[in-house]
Amino acid sequence: MQAFFILLGALIVLVLGLFIFSLFLPPMVKVERSLMIPAPAARIFPLINVVRNWELWSPWKELDPDMAITYGEKDSGTGASYSWKSHHRNIGNGHMTITESRPGQYIATDTDFMRMGIAKGTFRLDPVGEGTLVSWSMTCNMGQHPLRKVMGLMMDKWVGQDFEKGLEGIKRLVVRN
């Protein structure tokens with residue numbers, strides 16, 4: 001019986017510690033990765049601005065080739081969108097819409113991860129030397145829930161690797177052509 005109370009006490013201390021720790025964590029989480037691609041922005045931009053092209057470089061399509069994708073009425077630019085459904089636990093279901101598109105410079109997106117909320121994404125294309133620095137970022141509001149805020153600490157590791165793979169996929173496509 002004493003062992004039960006020791007375990008119960010340890011569990012209460014752990015939960016309380018997690019709650020107190022989460023009070024000091026910011027609710028906003030940002031993940032960003034950049035890659036220099038040896039090509040002009042004009043060659044890179046259509047791979048991001050045309051939502052059907054995402055299948056060519058998306059790290060998530062590679063992870064689940066059977067993912068069902070449904071495209072919106074518009075193919076590119078502001079208002080272009082697609083939805084996906086995946087049975088893969090790391091992908092799930094969602095909807096992405098381009099909310100702003102400045103040719104050769106910038107694309108903003110809203111990605112609705114259903115139960116996980118909406119993430120604001122951006123792609124910046126900055127000319128550098130003999131190429132373009134492509135920066136992909138995502139900002140999420142994890143809210144005030146202690147577990148979600150702690151999960152936000154892991155977002156850079158989890159999503160950052162996917163962003164790196166996606167940027168490498170874009171580079172591979174641009175350099176190949």
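Buried means under 20% relative accessible area, exposed means over 50%, and partly exposed is what falls in between. Arginine 124, at 30% relative accessibility, therefore counts as partly exposed. The structure described here is a predicted model.

## Nonpolar core

The largest nonpolar core holds 37 residues. Those with the most contacts inside this core are Ile37, Ile44, Ile48, Trp57, Phe123, Leu125 and Ile170. At least two core residues come from each of the strands β1 (28-37), β3 (81-85), β4 (93-102), β6 (118-128) and β7 (131-141). The helices α2 (41-49), α3 (54-57) and α6 (155-176) also each supply at least two. Helix α6 gives the largest share, seven residues.

Phenylalanine 123 is found in strand β6. With a relative accessible area of 1%, phenylalanine 123 is buried, because the limit for buried is under 20%. Leaving out residues up to four places away in sequence, phenylalanine 123 touches Ile48, Trp54, Trp57, Gln105, Tyr106, Ile107, Ser135 and Trp136. Glycine 72 lies 51 residues from phenylalanine 123 along the chain, and the C-alpha atoms of the two are separated by 20 Å.

## Helix α6

Helix α6 has 22 residues, which at 1.5 Å a residue should span 32 Å. The C-alpha atoms at its ends are 31 Å apart, in agreement with that value. The buried residues of α6 are Met155, Val159, Gly160, Asp162, Phe163, Gly166, Leu167, Gly169, Ile170, Leu173 and Val174. An α-helix has 3.6 residues a turn, so residues three or four places apart point the same way.

Aspartate 156 lies in helix α6 and has a relative accessible area of 34%, so aspartate 156 is partly exposed. Aspartate 156 touches Lys30, Val31, Glu32, Arg33 and Gln161, with residues up to four places away in sequence left out. Phenylalanine 24 is 132 residues from aspartate 156 in sequence and 18 Å from it in space, C-alpha to C-alpha. Glutamine 161 is also placed in helix α6, and at 46% relative accessibility glutamine 161 counts as partly exposed. Arginine 33 and glutamine 161 are 128 residues apart along the chain, while their C-alpha atoms are separated by 8.7 Å.

## Salt bridges

Side chains of opposite charge can pair when their charged atoms come close. With a limit of 4 Å between a side-chain nitrogen of Lys or Arg and a carboxyl oxygen of Asp or Glu, the count comes to nine salt bridges. Three of them are listed below.

| Salt bridge | N to O distance |
|---|---|
| Glutamate 32 and lysine 30 | 3.8 Å |
| Glutamate 32 and arginine 124 | 3.0 Å |
| Lysine 120 and aspartate 110 | 3.0 Å |

Glutamate 32 lies in strand β1 and arginine 124 in strand β6, so this pair ties together parts that are 92 residues apart in sequence. Glutamate 32 counts as partly exposed, at 29% relative accessibility. Arginine 124 touches Glu32, Gln105, Tyr106, Leu133, Val134 and Ser135, not counting residues up to four places away in sequence. Its C-alpha atom is separated by 21 Å from that of lysine 74, 50 residues apart along the chain.

Lysine 120 and aspartate 110 form a salt bridge that links strand β6, where lysine 120 lies, with strand β5 (residues 106-112), where aspartate 110 lies, the two being ten residues apart. Lysine 120 is partly exposed, with a relative accessible area of 49%. Aspartate 110 is partly exposed as well, with a relative accessible area of 22%.

How values were computed
Residues are numbered from 1 along each chain as its sequence is written. This is a predicted model: local features need pLDDT of at least 70, side-chain atom pairs count only at pLDDT 80 or more; totals for chains, interfaces and linings use all residues. Side-chain values use heavy atoms; hydrogens and water are left out. A nonpolar core is a set of buried Ala, Val, Leu, Ile, Met, Phe, Trp, Tyr and Cys residues joined through side-chain atoms within 4.5 Å. Buried means under 20% relative accessible area, exposed over 50%, partly exposed in between (1.4 Å probe, protein chains only). Helices (H or I, at least four residues) and strands (E, at least two) are DSSP runs, numbered from the N terminus. The expected span of a helix is 1.5 Å times one less than its number of residues. Contact means heavy atoms within 4.5 Å.
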